[in-house]
Amino acid sequence: MKQAIRVTVFVTALCGIVFPALLTLFGQLLVPDKAEGSLVQENGKFIGSELIAQPFTSKQYFHGRPSAVDQLAGASAGDNLAASNPELGTKMAELQKQNQVDGASLPDDALVTSGSGFDPHISVDYALVQAKRIATARDLSREEVRKLITKEAETHDYVNVLRLNLALDRSKS
Amino acid sequence: MWTQFMIQFWILLVIALCAAVLLGRYIGVYFAPVAERRVDKIGKVERRLLLLLGVDEKKHDQSWVGYSKSLLLVNMFFFIGGYLLLRFQGSLPLNPNGAVNLDWSTALHTTISFMTNTDQQHYSGEALSYLSQTFVLGTMLFVAPTMAFTVCIAVIRGLANKPLGNFYADFFRFIFRILLPISFVFGLAMILLGVPQTFGGAVSVTTLEGAKQLIYRGPVAAFEVIKQLGNNGGGFFGANGAHPFENPNQFVNFIQMFLMLLIPMSLPIAYGKIIGSAKQGRLFLSVMTLLFIMMTVGMAGSLLANPTAHGQELRFGQIGTALYSSITTAAETGAVNAMHDSLHPLAGLIQLGNMMLNVVYGGAGAGFLNVLLYAFVAVFLTGLLIGRTPTFLGKKIETFEVKMIAIALLVPPFLILVGTAISMYVAPGVAGISNPGYHGLSQVLYEFTSATANNGSGFEGLGDANVYWNVSTSFALFFGRYIPLILMLAIVGSLKAKQSVPQDEFSFKTDTPLFGTVFLGTVVLVGALTFLPVLVLGPVADWLTM
């Protein structure tokens with residue numbers, strides 16, 4: 001009994017206090033920005049995290065993927081509709097109708113919710129679909145917007161929406 | 001797409017296997033019975049620390065009853081402590097986000113779930129204080145896999161006809177020597193790759209469009225690394241490994257998959273080393289790997305043939321999603337990087353299959369115990385076929401052992417099928433179902449399979465955050481975990497007390513490809529046939545009627 005209590009207490013101290021404390025210490029020393037959540041600053045103010053999607057609705061910004069949660073409130077989840085659930089098709093059709101450009105069908109990631117509700121990326125295809133709207137709203141040429149997209153995408157077939165929108169804001173000034 | 005999948009899959013498999021073989025040999029050397037163990041510097045430190053705690057490693061001949069009692073005692077302390085701390089987290093320190101006390105059934109379910117290495121969650125991670133996340137659950141992430149490991153290593157020693165060991169020493173040494181160092185290295189790697197590790201509370205930012213956004217953070221990396229290494233799987237956040245803070249990119253995704261496979265893959269090698277037959281260890285590892293490859297290729301088939309981003313994150317792609325969701329169910333981790341509820345029904349079928357077999361590596365310790373259980377069955381069936389007394393490693397398998405084996409084999413299907421049947425009948429059970437048609441049955445079936453197999457992932461649409469689901473799955477969690485553990489100790493205790501039968505050329509060899517085949521057949525027949533009808537009614541019907 002004595003052994004059991006002592007071992008329990010000691011192991012708890014080691015795993016529950018020493019381990020997270022050490023890891024926090026090293027993390028904060030080596031890469032404080034990442035350890036704090038990859039927050040992005042503009043003019044000395046936090047405007048978001050590079051890893052976390054934020055809602056965009058205005059015409060001059062790229063819009064992110066549909067989300068099952070309120071992205072401003074912070075809790076994460078998917079919509080958990082089954083692939084066989086008829087509601088899924090209805091929702092996809094609605095989004096297609098709302099967001100379509102020139103009647104072309106939208107890429108898949110523009111129509112279905114992400115796993116976490118905070119997917120910070122959209123596919124390059126979806127970004128290109130939005131290029132025309134943004135070019136008009138910002139008085140840029142479509143070619144300029146396209147260049148930004150390819151630059152931000154690097155080798156991936158997806159782009160980070162927040163970084164892309166920041167790049168847009170910067171390119172204007 | 002397929003070539004790319006194959007390349008990624010083989011790279012992961014080869015790296016994991018190589019690392020697991022090294023780790024397995026290491027475990028085999030340093031967790032051998034005391035008399036044969038090499039003592040290095042760490043060993044001396046361990047011995048001193050253990051003496052300080054009042055544990056004398058030289059008293060290493062606990063009986064199976066004594067070993068079980070010590071195990072249950074330590075579990076009980078963690079149950080009581082964990083339950084109370086979760087119940088009163090609201091008034092305790094390290095609570096920058098103002099989390100409130102958990103109600104009794106959620107606290108009960110969460111405690112049992114984390115202590116059984118399942119980490120099924122009926123709350124959202126955002127609702128816990130940092131004290132609950134790191135001190136309470138974080139400690140359990142180390143303790144829970146260690147419980148199965150200690151039983152596994154004691155059983156292996158018993159089969160080698162050696163003393164079972166000292167529970168307290170095994171418990172402490174596995175955490176101290178294996179889990180903590182590996183967790184530290186990979187935890188640091190995760191932070192470098194972008195996983196947060198901070199005690200700062202949720203931060204409020206002003207978005208580009210001028211709205212206020214609340215971003216939850218926390219000491220995520222410390223939680224994340226041991227959650228994967230120990231095959232726990234609980235999410236720091238509600239969305240688990242799909243959340244960009246838990247799993248920010250493909251590199252972290254890769255590390256997580258590697259960590260999930262590491263310990264389960266290493267145990268057959270450690271087994272081979274301790275019983276003195278590396279060949280037999282490799283045989284088990286090969287059969288498990290064969291099953292794993294078949295399951296994972298099946299998973300990739302279902303997702304690559306029906307590509308969608310629904311419930312998935314773009315940074316992982318179809319390949320990263322397919323690999324992760326196969327590995328997490330195979331190694332009984334239960335972390336998810338996509339919402340399993342929304343994946344193709346055939347993906348669900350593979351996930352359920354992995355969990356029902358529970359030997360496609362299986363969780364740390366628990367998986368290999370299941371492998372041994374099936375090996376006993378295979379020996380017994382072969383013995384019946386050829387009319388000889390079945391022996392395993394020179395010990396006769398007789399009435400008592402077969403009775404225990406039968407109970408251990410029947411408990412999981414009983415918990416899964418009866419639990420599902422009751423929940424499909426009573427009102428609070430049916431009320432939880434969120435998707436129509438056959439998929440609704442899959443949701444309930446998945447919940448009980450995941451609980452019983454101590455996996456912890458879920459078809460998360462299920463409305464399970466209430467008393468009915470908390471209590472009903474608590475039974476599945478508890479008995480699905482402890483009954484097989486204790487029964488395996490009992491079986492080995494009984495085998496150890498018997499005289500060894502001298503091995504001659506007519507003895508049944510358990511290290512040949514022939515036995516490997518019989519073993520595979522036993523796993524498939526005994527493991528799969530029980531569940532075939534319900535799988536047809538759930539995921540298969542769901543797929544056919546899509």
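Me: In which hand of crossing, left-handed or right-handed, does H8(B) pass H10(B)?

Reply: The crossing of H8(B) past H10(B) is left-handed. This is a predicted model, and the description below should be read as such.

The two helices are H8, residues 250–275 of chain B, and H10, residues 317–330 of chain B; their axes come within 10 Å and cross at roughly 25 degrees. Angles under 35 degrees count as roughly parallel, so H8(B) and H10(B) are roughly parallel to each other. From H8(B), the contact is made by Gln250(B), Asn253(B), Met257(B), Met260(B) and Leu261(B). H10(B) answers with Gly320(B), Leu323(B), Tyr324(B), Ile327(B) and Thr328(B). By class, the residues where H8(B) touches H10(B) are 6 nonpolar and 4 polar, with no charged residue.

H10(B) also packs on H11, residues 345–357 of chain B, at an angle of about 25 degrees and with the axes 8 Å apart. H10(B) and H11(B) are therefore roughly parallel to each other as well. The hand, however, is right-handed where H10(B) passes H11(B). Here H10(B) uses Ser325(B), Ser326(B), Thr329(B) and Ala330(B). On the side of H11(B) stand Ala347(B), Ile350(B), Gln351(B), Asn354(B) and Met355(B). The contact of H10(B) with H11(B) holds 4 nonpolar and 5 polar residues, and again none that is charged.

Helix H15 (residues 438–452) and helix H18 (residues 532–544) of chain B have axes that come within 8 Å and cross at roughly 125 degrees. At that angle H15(B) and H18(B) are therefore oblique to each other. Their crossing is left-handed. Tyr438(B), His439(B), Leu441(B), Ser442(B) and Leu445(B) of H15(B) meet a set from H18(B) made up of Val534(B), Leu537(B), Gly538(B), Pro539(B), Ala541(B) and Asp542(B). This contact of H15(B) with H18(B) counts 7 nonpolar, 3 polar and 1 charged residues.

As for the setting, chain B also meets chain A. That contact takes 83 residues from chain B and 71 residues from chain A. Several elements of chain B each supply at least two residues to the side that touches chain A, among them helix H3 (64–87), helix H5 (130–159) and strand E1 (203–206). H6(B) gives the most to that side, with 11 residues. By class, the side of chain B that touches chain A has 45 nonpolar, 29 polar and 9 charged residues. Chain A itself is divided into domain 1 (1–36) and domain 2 (38–172), and 38 Å separate the centres of these two domains of chain A, taken over C-alpha atoms.

On confidence, chain B has a mean pLDDT of 94, and 100% of its residues reach 70 or more. For the complex, the predictor gives an ipTM of 0.96 and a pTM of 0.96.

Methods
Residues are numbered from 1 along each chain as its sequence is written. Chains are lettered from A and ligands numbered from 1 in the order in which they are written. This is a predicted model: local features need pLDDT of at least 70, side-chain atom pairs count only at pLDDT 80 or more; totals for chains, interfaces and linings use all residues. Two residues are in contact if their C-beta atoms, placed from the backbone, lie within 7 Å. Helices (H or I, at least four residues) and strands (E, at least two) are DSSP runs, numbered from the N terminus. Ala, Val, Leu, Ile, Met, Phe, Trp, Tyr, Cys and Pro count as nonpolar, Asp, Glu, Lys and Arg as charged, and the others, Gly among them, as polar. Domain bounds come from an automatic or database domain assignment. Axes are lines fitted to C-alpha atoms, for helices over the stretch in contact, and angles run from 0 to 180 degrees between N-to-C directions. Angles under 35 degrees count as roughly parallel, over 145 as roughly antiparallel, 65 to 115 as roughly perpendicular and the rest as oblique. A crossing is left-handed if the near helix is turned anticlockwise from the far one by less than a right angle, and right-handed if clockwise. pLDDT is the predictor's confidence in each residue, from 0 to 100.
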